[in-house]
Amino acid sequence: MKTKSLTSGPILTHVRDLALPSSIGLFFQTMYNVVDSFYAGEISTAALAALGLSFPVFLLIIATSGGLSRGASALIANAIGSQEEDKQRRYIAQSISLGLMVSLLMTITGMLVAKPLFQLLGGTGECLAMAMAYMIPIFVGSVFFIITSLSNAILIASGDSKTFSKVLVVGFFLNLVLDPWFLYGGFGLPAMGITGIALATVVIQIGSSLFMVSTVVRRGLLELNSWHVLLPDLKTYREIAEQALPASFNIMSVALGFFVTTYFLKSFGDQAVAAFGVTTRIEQIGLLSTMGLYAAIMALVGQNNGAGNFDRVRDTMRVANRIGLILSLVTSGMIYIFARRLMQIFTDDSAVIEIGVECLHIIMLVQWSYVMTSTHLAMLQATKRPRYGFFESVLRKVLLPLPFFCVFVWAWQFEIATVWWIISGTNVFMTVITVVYAQWVLRHLGRAKMGV
């Protein structure tokens, strides 16, 4: 079994080697989404709004695959650190097995609930039809999203963030070709509109999943010499689920928060919804330089926690937080300055641009809070303490902003800028709570073997 030990050697070097490839890959993944948004905007403002409307529903797939991968990665990394090879093999095989079962359930559920969810968000007419045309192929291909994500989790736990980064880079360039081809047709294909954008994504995910699984098998991390290794082991399923469910609900609460925000934004019209969808993608661009830190923390903290090297866990967090804070301040400053030009890349609708610029100018003031929250949640996940992440996200995305939305947007009918200030304020508040709790855990790490 080919793995890389992260329990010795310079921490800064390990963080760089893990975070940099991951950030590069995530940059191209985000640019991938940018390309999708660009071509949706070429169709119409309604298509762009449909893509924004689809985002929280699409995030349900991301939440499922992300939760499974985070839970599996934490367990695998800890097993690598404690040098328990039997556990490593069991967690790897059963995570793939569980992923296959969950993806089937996800496809069925998604096909049933997508339209009611879109309607709940205010989707009607052309916008609703386009949102459905985009999401149906995505749900059908959800198995490939989940298997790709799990394969990446296995590789990251073993110290490899480069392979998936390369896959994301190739996927981006393929998308540059497939999006316009499937959208407009040609070379024997009919024009498929927004459905073509979704089908391009599914085709690329099929190739990505096949390559990632083959890499895991080739390195001896997953042995498929017998199909019995994939048979459900309920005890291991439970172990993975205990780590994965809070992480999934954590990510899913982001979708729920998106639902809540979109629900209140719809009173400002389709242009507000479209602007919110675009600014969300621009925010992702701003976070790209720091998002690789999550993968680095998961691998480094996971392995060292499993090995009992708790001082090294603390040192990892000091290094990662310092890097994350510096990078976030630089990138958010750049987005603040070039907010209008960035909005103009996605749309020429002046109303959408003005709403988006105002949003970015407010949100970028607190972008650092997202990074500090993310690094500390990664540490808690890697030390097998995932439950707080769910608590934090539900409060930050739903329970705290909801009453303010009701009062200021519905009852008092404040301007749309109030929405952005409410989001920013709750983010900063929850960042303070998260950092205080996570630092308490770090100080007491190693004094108790059981998670909290």
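User: Why is Phe249 called partly exposed?

Analyst: Happy to walk through it, bearing in mind that this is a predicted model. Phe249 has 40% relative accessibility. Buried would need a value under 20% and exposed one over 50%, so Phe249 counts as partly exposed.

User: Why is the pair of Phe249 and Phe390 called tilted?

Analyst: Start with the distance: the ring centres are 5.5 Å apart, and rings pair if their centres lie within 6.5 Å. Then take the planes, which stand at 55°. Stacked needs under 30 degrees and edge-to-face over 60, so this pair is tilted. The structure holds 20 aromatic pairs.

User: How do you know that this pair links distant parts of the chain?

Analyst: Phe249 sits in helix α8 (residues 234-265) and Phe390 in helix α14 (residues 387-399). The two are 141 residues apart.

User: What makes the pair of Phe276 and Trp420 stacked?

Analyst: Here the centres are 5.9 Å apart and the planes are at 25°. Planes under 30 degrees apart count as stacked, so that is the label for Phe276 and Trp420. This pair also links distant parts of the chain, with Phe276 in helix α9 and Trp420 in helix α16 (residues 417-444), 144 residues apart. Phe276 and Trp420 are each buried.

User: Why does Met298 count as buried?

Analyst: Met298 has a relative accessibility of 3%. The cut-off for buried is under 20%, so Met298 counts as buried. Met298 lies in helix α9. Setting aside neighbours within four places in sequence, Met298 is in contact with Arg70, Ser73, Ala74, Ala77, Ala378, Gln381 and Ala382.

User: Is Gly185 buried or partly exposed, and what makes it so?

Analyst: Gly185 has a relative accessible area of 22%. Buried means under 20%, so Gly185 is partly exposed. You will find Gly185 in the loop between α6 (162-184) and α7 (194-218). Apart from neighbours within four places in sequence, Gly185 is in contact with Pro180, Pro190 and Ala191.

User: Why is α9 called oblique to α12?

Analyst: The axes of α9 (residues 270-307) and α12 (residues 350-363) come within 8 Å and cross at roughly 45°. Roughly parallel would need an angle under 35 degrees, and roughly perpendicular one of 65 to 115, so α9 is oblique to α12. The crossing is right-handed.

User: Which residues meet where α9 and α12 touch?

Analyst: From α9 come Gln271, Ala272, Ala274, Ala275, Thr279, Ile282 and Glu283, and from α12 come Ala351, Val352, Ile355, Gly356, Cys359, Leu360 and Ile363. By class, they divide into ten nonpolar, three polar and one charged.

How values were computed:
Residues are numbered from 1 along each chain as its sequence is written. This is a predicted model: local features need pLDDT of at least 70, side-chain atom pairs count only at pLDDT 80 or more; totals for chains, interfaces and linings use all residues. Side-chain values use heavy atoms; hydrogens and water are left out. Axes are lines fitted to C-alpha atoms, for helices over the stretch in contact, and angles run from 0 to 180 degrees between N-to-C directions. Helices (H or I, at least four residues) and strands (E, at least two) are DSSP runs, numbered from the N terminus. Angles under 35 degrees count as roughly parallel, over 145 as roughly antiparallel, 65 to 115 as roughly perpendicular and the rest as oblique. A crossing is left-handed if the near helix is turned anticlockwise from the far one by less than a right angle, and right-handed if clockwise. Contact means heavy atoms within 4.5 Å. Ala, Val, Leu, Ile, Met, Phe, Trp, Tyr, Cys and Pro count as nonpolar, Asp, Glu, Lys and Arg as charged, and the others, Gly among them, as polar. Buried means under 20% relative accessible area, exposed over 50%, partly exposed in between (1.4 Å probe, protein chains only). Rings of Phe, Tyr and Trp (its six-membered ring) pair if their centres lie within 6.5 Å; planes under 30 degrees apart count as stacked, over 60 as edge-to-face and the rest as tilted.
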